[in-house]
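Thanks for coming. I will take a few minutes to go through one structure, starting with a helix and what covers it, then the cores, then the charged pairs.

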Amino acid sequence: MNICDFSFFFLATLTYDTLRFEYEDFPETKEPVWILGRKYSVFTEKEEILLDVTSRLWFTYRKNFPAIGGTGPTSDTGWGCMLRCGQMIFAQALVCRHLGRDWRWIKGKRQMDDYFNVLNAFIDKKDSYYSIHQIAQMGVGEGKSIGQWYGPNTVAQVLKKLATFDTWSSLAVHIAMDNTVVMEEIRRLCQSNVPCAGAAACPALESDVLYNGCPEDVGLRERLTPWKPLVLLIPLRLGLTEINEAYIETLKHCFMMPQSLGVIGGKPNSAHYFIGYVGEELIYLDPHTTQPAVEPSESGCLPDESFHCQHPPCRMSIAELDPSIAVGFFCNTEADFNDWCQQIKKLSLVRGALPMFELVERQPSHFSNPDVLNLTPGEATQGGRAEGELVPLGFWTSSMFLFHLEFNLAFLG
């Protein structure tokens with residue numbers, strides 16, 4: 001290991017205890033603090049802000065977990081930050097689905113079973129739905145070797161595939177590609193009365209403990225609902241090498257929506273989970289700390305304190321954000337989705353706010369359909385752009401769309 005490699009490894013494994021002196025409290029400002037659709041005042045609601053932040057599930061690097069694939073890594077330090085951010089944004093969707101946005105975690109207070117069912121779905125073991133093991137191994141199908149760094153789009157695609165096995169949550173996961181959200185596609189997906197493909201993967205247990213986010217009595221009735229709760233992930237490229245300031249107001253408004261799941265992104269090769277903003281600063285949870293893997297106790301209890309960030313969250317200037325991000329939203333009901341659509345339409349009328357994506361009723365005829373072709377446009381190298389850098393909508397010409405479609409059709413045989 002040369003000195004550069006050692007320096008990177010050392011920095012990657014620093015813990016929050018080591019860096020605690022760097023964390024500042026919220027600034028004394030009249031600017032509102034927005035956390036995942038909730039508005040707070042620093043002067044009168046500081047405790048509520050910190051409780052809201054602490055209640056988010058915080059997934060970080062871990063060490064000494066069972067080897068991925070049986071012989072692979074036993075730690076994700078140095079490569080798993082985007083995978084952990086993907087876990088955090090998806091965990092927030094499961095919290096909203098099963099516990100509600102108003103649910104709060106309080107240290108030492110006994111939590112309901114559904115909370116531990118959500119947490120168990122992300123524990124570092126091979127049979128947890130959204131574990132680092134499942135994400136890393138499913139990523140092989142997206143062209144990523146185990147231990148390779150992911151971009152926001154790749155982790156979104158992987159989580160979408162894993163969600164099909166989570167019949168307890170029964171989520172409809174849609175990834176809006178080409179900077180376009182097609183309402184017709186989402187309604188068709190969420191109004192489908194087809195049971196989840198992963199129903200058979202849900203093991204029956206002798207006890208009433210929910211395992212892996214899946215209760216033993218999940219029946220067809222629960223899976224055949226008029227509207228499957230929607231997790232909408234939108235991979236975006238908001239500039240070439242840095243974020244275009246014209247998108248900043250639009251990005252802020254995303255955190256103001258009650259359907260907000262936050263944003264995954266960060267800086268080059270350093271991913272963060274952004275949960276809100278204050279003034280011109282983003283508020284985020286940082287996965288770059290290495291903690292020991294957690295195992296249930298002999299009584300079956302799962303120690304959960306290390307899954308909650310119990311100090312003031314990190315902040316960074318919005319201008320420092322890498323332009324490659326994925327924005328997330330959760331719509332539990334059709335009314336939630338209709339409300340979200342109306343908010344997006346109104347947002348396009350806000351002065352000085354450049355839309356980050358387009359909302360259309362039907363898919364434009366020249367677009368490829370990633371859901372059908374199983375494509376991940378934008379994360380291969382395109383025109384000199386690195387992996388994970390999505391081509392802005394304005395850069396896609398009709399010839400580029402046709403070339404991309406023809407190439408992938410040929411590849412699929």
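Contact here means heavy atoms within 4.5 Å. Helices (H or I, at least four residues) and strands (E, at least two) are DSSP runs, numbered from the N terminus.

This is a predicted model, where local features need pLDDT of at least 70 and side-chain atom pairs count only at pLDDT 80 or more, while totals for chains, interfaces and linings use all residues. Residues are numbered from 1 along each chain as its sequence is written, and side-chain values use heavy atoms, with hydrogens and water left out.

Which residues of H10 are buried? In this helix, residues 248-256, they are Ile-248, Thr-250, Leu-251, Lys-252, Cys-254 and Phe-255. Buried means under 20% relative accessible area, exposed over 50%, and partly exposed in between (1.4 Å probe, protein chains only).

Now the cores. A nonpolar core is a set of buried Ala, Val, Leu, Ile, Met, Phe, Trp, Tyr and Cys residues joined through side-chain atoms within 4.5 Å. The largest one has 69 residues, and those with the most contacts inside it include Val-33, Phe-90, Phe-122 and Tyr-273. Helix H4 (residues 81-98) gives the largest share of this core, 12 residues. Apart from it lies another core of 41 residues, with Ala-176, Phe-274, Cys-314 and Val-327 among them.

Back to Phe-122: leaving out residues up to four places away in sequence, Phe-122 touches Phe-59, Gln-87, Phe-90, Ala-91, Leu-94, Ser-128, Tyr-130 and Ser-131.

Next, the charged pairs. The structure holds 15 salt bridges, each a side-chain nitrogen of Lys or Arg within 4 Å of a carboxyl oxygen of Asp or Glu.

Arg-84 pairs with Asp-124, with the closest N and O atoms 3.0 Å apart. Arg-84 is in helix H4 and Asp-124 in the loop between helices H5 (113-120) and H6 (132-138), so the bridge ties together parts 40 residues apart in sequence. Arg-84 is buried at 1% relative accessible area, and Asp-124 is buried at 9%.

Another salt bridge joins Lys-46 and Glu-28, at 3.1 Å between the closest N and O atoms. Lys-46 is partly exposed at 23% relative accessibility, whereas Glu-28 is exposed at 55%.

Finally, Asp-52, Arg-56, Arg-101 and Arg-104 are linked in a network of salt bridges.
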